[in-house]
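Here's a quick briefing for anyone meeting this structure for the first time. Have a look at it below, and then we'll walk through a few spots one by one.

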Amino acid sequence: MSANVDDPLFLGLDLSTQGLKAVLIDEDGALVHESAVHFDRDLPSYGTVNGAIRGPGPGEVTSPVRMWLDAYDLLMDRMRSADVDFSRVLGISGDGQQHGSVYWSSEAEHLLSTLDPERPLGKQLSPAAFSIQRAPIWQDSSTTRECRELEAAIGGAQALADLTGSRAYERFTGTQIAKIRRTDPDTYRETARISLVSSFMPSLFLGSIAPIEVSDASGMNLMNVLTCEWDDRLLEAAGGPELRAKIGPEPAPGGTFLGKISPYWVQRWGFNPDCSIAPFTGDNPATVIALSTPGDAILSLGTSTTFLLSIPPAETAPKRFTTSHLLSHPTTPDAHIAMLCYKNGALAREQVRDQYANGHWTRFNELFESRPVGNDGYMGFYFPLPEIIPPSVQGNFFFSTSPSSSPPAVVTIPESNMPADAHPRAILESQFLSIRSRITAILPPDAPPLQRLVLSGGSCANAVIQQAAADVFGMRVFVAGKEGAAEGGAQLARYAWWRAQNGGGGTFEEMRAMDGLGDGERRRCVAEPKWDRERVYAGLVETYRACEDAVVQACATRV
């Protein structure tokens, strides 16, 4: 059997917190199959809640690695039961939940390379292939001490953000490694290699431990985000001189193949022996791949709010901040992804809806549209939960402003002085202006203008929110379809195959432009910016910043 397949398929896997999902796409990028395993429901013997186990220590959150192995077997069985022809699959890639880490033993390489096709993965690899049986995942918050130590070793939070794209975070892999080294030195010594979830996944297909991929490596606080190479100072600070060997080779770029699929998968499941394995990335970069190209932004309007901005290559590097993340791009050298994460998203909007719009979105929309753009100078900030951006603020704050003065005049007012019908517009404008004010700071001055904003999440169908986003950001707004991280992974596999077919050349955007469906057919434009409104919002950025500064100061005085 060879790679001369008339109708090839490409497999994308998404190992999220709660499950393992597979999608198959064809040569034109069209979705042809989906299967999934839900950890709590399908593998209940592991005792996970939403895919994770809390404890035993404060803030510790892990997932059993054996559960992930069992999920692989169960997923393959379900795909075969659905008559998937694995011999048509010529490329595999995917994504894993970011920051999570897997710790391999000295026996791992031998066990991976000698898998018996008559037996499932879990029975052959667990526990012997792993020095730690439960992988720390992104929900873990037990490494505050290590965060401060890592920042101190580099010269502070901003210095670490300048180097790696982010300040130290408890969930990031570098501090997780540092904690294991401090609290369990024997196990750390016995660990031969360390993978991210995203590099653990292709290791199973390759029959050897895969390198970490460049975009997901950005979430470790260990890689220089501009050179895309491991930084020796960070490796030393987090894991000592031995960490360079444990972490493996320099991060692997997307659009390449790591090697052919191992005989285990050919003999057990019928995969094509010429099927190639591409690097797997993190879930956020994979979502960017599925939904956008450099010059686009994604705004996820779920329980929390996440803004992902694909920044094309430019002469000047994007600025790095302690309140945002900068990641290397998974397909485009010298491009980046900026990420802003807010805790108070839909929760805050729903509280305003319930309190001021009789609990109905129709009334919320009517009140929003009844107020002028800029809300007659009123601004409101709504933080029912401690916020991430700006950090640690909580509560409601209201202001009367005069944006035309220089500097903008900002007066704190009690909630009783805020017109009751002003709250729906106030929350949308403040949430979106927070993002716009940071886009301006992050983007290099010579960056080309942003092209499109893709909305996803529960609030993306609201036409008023769609138009508000178009007006505040000055971008055409599109609504995401069903594309998700798993499809992004499949597209990464297809891209590596497509480049190999073209002698190793070509960009991801060129491949997508050749697809059978044009981008306009994949998703539709739902709102165009009204430029008179955009000019008002451009003039409100400084006013917004002044109000936000006042909120930060007010919260600081409470402590």
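Let's start with Gln355, which sits in helix α15, the stretch covering residues 346-356. Keep in mind that this is a predicted model.

**Gln355, out in the open**

- Gln355 has a relative accessibility of 54%, so it counts as exposed, the cut-off being over 50%.
- The side chain of Gln355 makes a polar contact with the side chain of Tyr356, at 3.4 Å.
- If you go 12 residues along the chain from Gln355, you get to Leu367, and the C-alpha atoms of these two are separated by 13 Å.

**Ser105, tucked into a loop**

- You'll find Ser105 in the loop that runs between β7 (101-104) and α3 (108-113).
- Is Ser105 buried or exposed? Its relative accessible area is 10%, and buried means under 20%, so Ser105 is buried.
- A polar atom of the Ser105 side chain lies 2.6 Å from the backbone oxygen of Ala128.
- Ala128 also turns up among the residues that Ser105 touches, once those up to four places away in sequence are set aside; the others are Ala129, Phe130, Ser131, Glu190 and Ala192.

**Ala493, on helix α19**

- Ala493 belongs to helix α19, which spans residues 485-501.
- With 0% relative accessibility, Ala493 is under the 20% cut-off and so counts as buried.
- Which residues does Ala493 touch, not counting those up to four places away in sequence? They are Phe10, Leu11, Gly91, Ile92, Ser93, Phe257 and Ala278.

**The nonpolar cores**

- In soluble globular proteins, nonpolar side chains tend to be buried together.
- The largest nonpolar core here has 62 residues, and the ones touching the most other members are Leu299, Phe307, Leu309, Phe381, Phe432, Leu453 and Phe473.
- Helix α17 (residues 423-442) gives the most to this core, with eight residues.
- Take Phe473 as an example: leaving out neighbours within four places in sequence, Phe473 is in contact with Leu299, Phe432, Ile435, Arg436, Ile439 and Leu453.
- There's also a second, separate core of 54 residues, with Val37, Val84, Ala129 and Ala135 among them.

**Two cavities**

- How many cavities of 30 Å³ or more does the structure hold? There are two.
- The largest cavity holds about 160 Å³ of space.
- A set of 17 residues lines that largest cavity, and the closest to its centre are Tyr342, Asn344, Phe383, Ser430 and Gln431.
- β19 (378-383) and α17 each supply at least two residues of the largest cavity's lining, and α17 gives the most, with six residues.
- By class, the lining of the largest cavity comes to 10 nonpolar, five polar and two charged residues.
- The second largest cavity has a volume of about 40 Å³.
- Lining the second largest cavity are Tyr378, Met379, Gly380, Ala426, Glu429, Ser430 and Leu433.
- Here too, β19 and α17 each provide at least two lining residues, with α17 giving the most, at four residues.
- The second largest cavity's lining has four nonpolar, two polar and one charged residues.

**The largest pocket**

- About 1,500 Å³ of space lies in the largest pocket.
- Its lining has 45 residues, and those closest to the centre are Trp138, Asn284, Ser304, Thr306 and Cys341.
- Several elements each supply at least two residues of this lining: β2 (19-26), α14 (283-291), β15 (296-301), β16 (305-311), β18 (336-342) and α19.
- Which element gives the largest share of the largest pocket's lining? That's α14, with four residues.
- Sorted by class, the residues lining the largest pocket are 16 nonpolar, 20 polar and nine charged.

Notes: Residues numbered from 1 in each chain as written. Predicted model: local features only at pLDDT ≥ 70, side-chain atom pairs only at ≥ 80, totals over all residues. Heavy atoms only, no water. Buried < 20%, exposed > 50% of the residue type's maximum accessible area, 1.4 Å probe, protein only. Contact = heavy atoms within 4.5 Å. Core = buried A, V, L, I, M, F, W, Y, C linked by side-chain atoms within 4.5 Å. 1 Å grid on protein atoms, 1.4 Å probe; cavity = no way out; pocket = protein on both sides within 12 Å on 5 of 7 lines; lining within 4 Å. Points joined across faces, edges and corners; volume = space filled by probe spheres on them. Nonpolar A, V, L, I, M, F, W, Y, C, P; charged D, E, K, R; others polar. Polar contact = N/O pair within 3.5 Å; in protein donor to acceptor, adjacent residues only side chain to side chain.
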